[in-house]
Amino acid sequence: MPTEPITRRVAFIFPIYNEEENIDLLHRTVDEVTAPLAGKYDFSFLYVDDGSRDGSLAKLTELSARDERVTVVELSRNFGHQMAVTAGLDLVDADAVVIMDSDMQDPPRVALELIEKWEEGFDVVYAQRRSRQDSAFKKITAGGFYWFLRKMAAVDIPKNTGDFRLVDRKVVDELRKYRERDRFLRGLVSYIGFKQTAVLFDRDKRHAGVTGYPLRKMLRFAADGILGFSVTPLKMITRMGYLISFLSFVGIVYVGGVKLFAPETAVPGWAFLGIAMFFLGGIQIIMLGVLGSYIGRTYSQVQNRPLYGVASVRTGPGTPAEARE
Ligand code: UDP
Ligand code: MG
C-alpha cells in the first residue's frame, strides 16, 4: 500500500539566558534560512528561557504571539545551559532536533548542512568548529580542556564541538532516558552512539550581550565532562600508591642489605624511619584506591544510565523491524 509522503518535522531548540538583544535577529535569521525549505519540512522553534533577568522572556512572548511555530518554555529559575537544553529535549516533538546557541555564534545557515547530512541517513550531525572568534583566554582554556577530556574519557568525544548539532528523534528518545544530574550533553550523545558525522563551520562572535559562562561555570562544566565520563582520576590513586610502595620497598631492601652484608657502610638511623613511613603511606594510598574503585562503581550505578541502546532489530529477510510495521 503506497504511503502518503509526510512532511518531516524539524525543531530548533534555543536555550536563552539574557539574550534580549539577540532574540529578534536570531529568529529573523533562522526564519530566512529555513524559508526555502518550508514546503519540504515542518519547522518549529522551541525557546527555553533559563531564568533570564533581562527582557528576554517578554521578547519571546511577543515572538510566540507573532509566529505560531514558536513555543516558549519558561524555567522557574536559572538552571544552566545544559539543563535548559535538556528541558527542550524533554518537551520537543519532532523527527529531528537542531540544538543551537542563541547568541548568533552558531550560524543558522549551518543548520541546513546539518539537515542535509541527516537526509543522508545520519542520526547525529555535530557541527565542528574549524575556527572560532573568541578571546585568546577562551581558546586556550577550551583547547586544553578538549585535549585533557580526550585523554581521560572512556568515550570518544569529538574535539572542537559544542552542543550545536542535529539529533534524530531516535537519539532524543535515548537521551531522555539519561537522568543524571551533572549533565554533559555532548558526552552523552557520543556515549549513546548511532550513526554520527561532522560538518565543519566557522564560529562567529557573540552578536550582543555577555557570555553566560564565566570561568566558574566553565570549570564546573569541565569537571562534569571529565568526572561524568571517566574514572581515570580514581585509578590514578591506585597507581600512585603502587609506585610509592614499590620505591620504598626497593629502599627497604637496600637499607636492610647494607645492614646485613656491608655493616661497615654507615646507614643513618632515619633511613629506616623514612622508608617505613613512605611504605606505610604507599599502602594507605593503595587502600584509598581500593575504596575509590568501589566508589567508582557506586557512581556509575547511581548515574543509572541505560545499559544499552538498540538501533534496530532485524527479523526475517533482513528488513529492519521498524520499516515493516
Ligand atoms: N545559556 C543558558 N543558561 C545559562 C548560560 C547560558 O541557557 O546559564 C545559553 C545562552 O543563552 C546561549 C548558550 O547557552 O544561548 C551558550 O551560552 P554563552 O554564549 O553564554 O556561552 P559561550 O558561547 O560564551 O561559551
Ligand atoms: Mg556564546
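Predicted model: local features only at pLDDT ≥ 70, side-chain atom pairs only at ≥ 80, totals over all residues.
View 1. Residues are numbered from 1 along each chain as its sequence is written, while chains are lettered from A and ligands numbered from 1 in the order in which they are written. In α7, the buried residues are L185, R186, G187, L188, V189, Y191 and I192. A residue is buried if 20 or more other C-beta atoms, placed from the backbone, lie within 10 Å of its own. Helix α7 spans residues 185–192, and seven of its eight residues are buried. Helices (H or I, at least four residues) and strands (E, at least two) are DSSP runs, numbered from the N terminus.

**View 2. Surroundings of helix α7.** The buried residues of α7 pack against α3 (81–91), β5 (124–132), β6 (161–168), α6 (169–175) and α8 (215–228). Just after α7, G193 has a positive phi of about 90°.

**View 3. Strand β1 and its partners.** Strand β1 covers residues 8–16, of which seven of nine are buried. With strand β2 (residues 41–49), β1 pairs in the parallel sense over nine bridges; strands count as paired if DSSP finds at least two bridges between them. β1 also runs parallel to strand β4 (residues 96–99), joined by four bridges. I13 has L46 as its bridge partner in β2 and stands opposite I99 in β4.

**View 4. I13 and the nonpolar core.** The largest nonpolar core holds 51 residues, and I13, F14, Y47, V97, V98, L114 and L166 have the most contacts inside it. Such a core is a set of buried Ala, Val, Leu, Ile, Met, Phe, Trp, Tyr and Cys residues joined through C-beta atoms within 7 Å. β1 supplies the largest share of this core, six residues. Leaving aside neighbours within four places in sequence, I13 is in contact (C-beta atoms, placed from the backbone, within 7 Å) with L46, V48, V85, G88, L89, V92, V97 and I99.

**View 5. Confidence along the protein.** The mean pLDDT (the predictor's confidence in each residue, from 0 to 100) is 88, and 96% of the residues reach 70 or more. Confidence is highest in β4, at a mean of 97, and lowest in strand β9 (residues 319–320), at 62.

Key:
Buried ≥ 20, exposed ≤ 12 C-beta atoms within 10 Å, placed from the backbone. Contact = placed C-beta atoms within 7 Å.
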